[in-house]
Amino acid sequence: MSGFQEKVNFIWSIAELLRGDYKASEYGKVVLPFTVLRRCGALPKSPSDLPLQLKKLPAEYREILDCFRFRNTLGRLQKAGLLALVLERFARIDLDARSVSTVEMGYIFEELIRRFSEHSNETAGEHFTPREIVRLMVRLVFQEDSGHGKSLYDPACGTGGMLAVAEEYALERDPEAHLEVAGQELNPESYAICKADALLRGHGPGAIALGNSFTHDAFAGCKFDYMLSNPPFGVDWRKVEKQIRGEHDQLGFRGRFGAGLPRVNDGSLLFLQQMLSKMKPEGTRIAVVLNGSPLFAGDAGSGESEIRRWILENDWLEAIIALPDQLFYNTGLFTYLWLLTNRKSAERQGKVQLINAVAFFEKMSRSLGAKRHQIPAAQMDRICDIHRGFADGPHSRIVANQEFSYRRITVDRPLRLRFCLSPGRLAAARSKFASQVIDILEGMDSQAVYDDQVAFDVALAAAFSRSGGKLGRTLARRIREVFGEQCDAASVYCDAKGRPQPDPDLRDYEDVPLDGDLQAWFASEVLCHAPEAWIAPGEPRLGCAIPFVRYFFEPDPVRSLGEIDREIRDLESEVRASLQQLGAL
């Protein structure tokens, strides 16, 4: 076997031995660790020699096998009578370093990872990003650079697809290129695959780390030239909330999460802050895949809003690309590719490019889980060209940073109360007032209805005066609150100083653009519809959201009256014809 594809196909065919004894989703857990052992020259001909060979392995390889629970696998293969067969098949292929270069071995292992991930609808996508999406991310981040002598980081590296494709891209551009990769993964099995791939590609044992990037950052203090990631969508960080909040409260911007904390049911923006904390002062480029929530989730002043505001105020957001739906194995949702950098070109400074690429796909001949669409090479080129062109167009909008920021104001409208001392309301109010007060109120006209606060106050004062009772401001206010009911026909209810009081049921909130005069906006957008409205006292809260869809919304064209009239006449004709047919029956 001399060709790359021939070697891959042969190793892939070994999985056929497992059919019936293993589920398809389990094939990779058997074949991948055996591939690693074959590369290391640690596969004996006899199953009885395996334990000794495993003990001789370097510590980093033993750790990989432990993460695969390889001893359990050996026991299961032995019980099924398959261990000798698998050893015999692997003995037929030469993966020794003298026959297969480090680069070729990396390609072989990465292709096997891709095939096993796509073959398994049960777990595909959980730790694997489709290759064409990674390829697009790498092209947009690297641009014209080969990556030689640079570093690349992924805080949620899964099985290492991002790192592997980036390295392949670097070698395509420069066969002598060396890209130093680093990644961290929480899932032990995915970590094992990723670390094995990195070792087979010639990277050191410290390149890939096991653990939670939030609580045990294996690359604390490190800075990188490039970063790529597809963190899990909607990941709940409740289990590590104490540590994350502690860092946020104690370290602020000296830590990773100083800008803010998102809701505990979605840690996407925590991953993004983790990456931003590792930017090099001389310049770093980042690409990260997120769902729609980080664009707009959270009100003004919330953690999500503050994180977005921090990013935009630092002018780190270069572009957001809306990708087609049904691209991933485990979700059919639309996703967004964020591009960030702390070294924007002069023309991009203070601006964000929004690219609408939702229609840039082709249907797959066979779906893989939820993945029914893929981005072909031509459409990938088109996306890159639009990004490179940096101009407004049918699929591109250039937006100033400040357009995404706003002030949230509270809009109040006056409370209007009607007052009535009916027997039923008096009975319900007995527990709220002293008996003397109830006696005075019962002496008032129970049939009278007061739509005017002043008139009610006069009648109330007269009743207390006749009875010799004392009516203070506080008591009068309590009586009005208990016996008043909202009524649009009533007069405006005011406090003791004559100030109109707000109606809680009519309270509303408006997001006002940050640039421009607040009062002028209020007059043109609110007062023309509600002349009695006012802005509630207090400073407006600053917020930030990216309403991506709004920038590409195109309303349906208004139909002409003639067209509507013709359609009505056609429908009338159809109805008459139907009635005539019924009459004929």
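A residue is buried under 20% relative accessible area, exposed over 50%, and partly exposed in between (1.4 Å probe, protein chains only). Isoleucine 568 has a relative accessible area of 42%, so this residue is partly exposed. Serine 305 has 0% relative accessibility and therefore counts as buried.

This is a predicted model: local features need pLDDT of at least 70, side-chain atom pairs count only at pLDDT 80 or more, and totals for chains, interfaces and linings use all residues. Residues are numbered from 1 along each chain as its sequence is written, and side-chain values use heavy atoms, with hydrogens and water left out.

**The sheet**

Helices (H or I, at least four residues) and strands (E, at least two) are DSSP runs, numbered from the N terminus. Two strands pair if DSSP finds at least two bridges between them. Nine strands build an open sheet with mixed pairing. Their order is S3-S2-S1-S4-S5-S7-S6-S8-S11. Strands S3 (208–210) and S11 (396–400) stand at the edges; each has a single partner strand, so one side of each lacks a neighbour in the sheet. On average, neighbouring strands are turned by 15 degrees against each other, direction ignored.

Within this sheet, S1 (residues 151–154) pairs with S4 (residues 226–229) in the parallel sense, over two bridges. Tyrosine 153 stands opposite methionine 227 in S4.

Contact means heavy atoms within 4.5 Å. Axes are lines fitted to C-alpha atoms, for helices over the stretch in contact, and angles run from 0 to 180 degrees between N-to-C directions.

| Helix | Strands touched | Angle between directions |
|---|---|---|
| H8 (residues 131–142) | S4, S5, S6, S7 | about 150 degrees with S5 |
| H15 (residues 377–389) | S5, S6, S7, S8, S11 | about 155 degrees with S8 |

**A hairpin**

Strands S9 (residues 362–368) and S10 (residues 371–374) pair in the antiparallel sense over three bridges. Here lysine 363 stands opposite histidine 373 in S10. The hairpin has two residues between the strands, and glycine 369 takes a positive phi near 65 degrees.

**Back to the two residues**

Serine 305 lies in helix H14 (residues 303–313). Leaving aside neighbours within four places in sequence, serine 305 is in contact with residues including Ala297, Asp299, Leu542 and Cys544.

Isoleucine 568 belongs to helix H21 (residues 561–584). With Leu561 and Ile564, Ile568 makes a nonpolar surface patch of about 290 Å². Patches are made of residues with over 30% relative accessible area and no salt bridge: like charges are joined within 9 Å, nonpolar side chains (Val, Leu, Ile, Met, Phe, Trp, Tyr) within 5 Å. A salt bridge is a side-chain nitrogen of Lys or Arg within 4 Å of a carboxyl oxygen of Asp or Glu. Accessible areas come from the Shrake-Rupley method with a 1.4 Å probe; for residues, only the protein chains shown count as cover.
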